[in-house]
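Please walk through this protein with a focus on its charged pairs and a few selected side chains.

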Amino acid sequence: MGTALVVEDCLTDLQIIKRCLQEDGIKVITADSGEEALAKLSSQKPDVIVLDVVLPGRSGFEVCRDIKDAANTKSIPVVICSTKSGEMDKFWGMKQGADAYIGKPIDQAELLRTVKQLIRA
């Protein structure tokens with residue numbers, strides 16, 4: 001079905017997202033910081049990235065911008081998945097290049113539908 005890089009520092013949220021995707025046949029790679037995610041992207045190319053905003057070090061917004069600015073990763077769809085889910089947060093996330101924005105707590109059906117749609121696109 002495809003591969004997703006899930007960037008999430010909260011172990012509980014990471015396990016929920018990972019299980020949701022794996023149960024539908026999506027392979028999951030994980031990172032718990034933006035720096036780790038960017039390092040993994042230098043050697044692996046997932047079909048989609050699920051990215052938290054509140055991360056240690058650099059924010060998910062900054063990481064998203066880096067992903068979309070780099071020639072080798074700009075075509076990878078990014079789904080921001082965050083507790084910061086006000087209209088301004090969503091607007092700002094999309095301005096950074098996100099392809100979708102899902103608020104937490106996660107609606108697993110919405111997450112799966114969004115990820116599968118972006119993998120197919």
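What follows is a short tour of a predicted model.

Start with the salt bridges. The count comes to 8. In one of them, the side chains of Glu 8 and Lys 104 meet, with N to O at 2.6 Å. This pair ties together distant parts of the chain, 96 residues apart. Glu 8 sits in the loop between strand 1 (3-7) and helix 1 (11-22). Lys 104 sits in the loop between strand 5 (100-103) and helix 5 (108-120). Both residues are buried. Glu 8 and Lys 104 also belong to a network of salt bridges that includes Asp 13 and Asp 52.

Now turn to helix 2. Glu 36 forms a salt bridge with Lys 40, and the closest N and O atoms are 3.4 Å apart. Both lie in helix 2, 4 residues apart, or about one turn of the helix. Glu 36 has a relative accessible area of 28%, so it counts as partly exposed. Lys 40 is partly exposed too, at 24%.

Step back to Ser 33. This residue lies in the loop between strand 2 (27-31) and helix 2 (34-41). A polar atom of the Ser 33 side chain is 3.1 Å from the backbone nitrogen of Glu 36. Ser 33 is buried because its relative accessible area, 12%, falls under 20%. Leaving out residues up to four places away in sequence, Ser 33 touches Val 7 and Pro 56.

Finish at helix 4 (residues 87-95), where Phe 91 is found. Met 88, Phe 91 and Trp 92 make a nonpolar surface patch of about 360 Å². Phe 91 itself is partly exposed, with a relative accessible area of 46%. Asp 89 meets Lys 84 in a salt bridge at 3.9 Å, N to O.

Methods:
Residues numbered from 1 in each chain as written. Predicted model: local features only at pLDDT ≥ 70, side-chain atom pairs only at ≥ 80, totals over all residues. Heavy atoms only, no water. Helix = DSSP H or I, 4+ residues; strand = E, 2+ residues; numbered from the N terminus. Buried < 20%, exposed > 50% of the residue type's maximum accessible area, 1.4 Å probe, protein only. Polar contact = N/O pair within 3.5 Å; in protein donor to acceptor, adjacent residues only side chain to side chain. Contact = heavy atoms within 4.5 Å. Patch = residues over 30% accessible without salt bridge, like charges linked within 9 Å, V, L, I, M, F, W, Y side chains within 5 Å. Areas by Shrake-Rupley, 256 points an atom, 1.4 Å probe, with all protein chains shown as cover. Salt bridge = Lys/Arg side-chain N within 4 Å of Asp/Glu carboxyl O.
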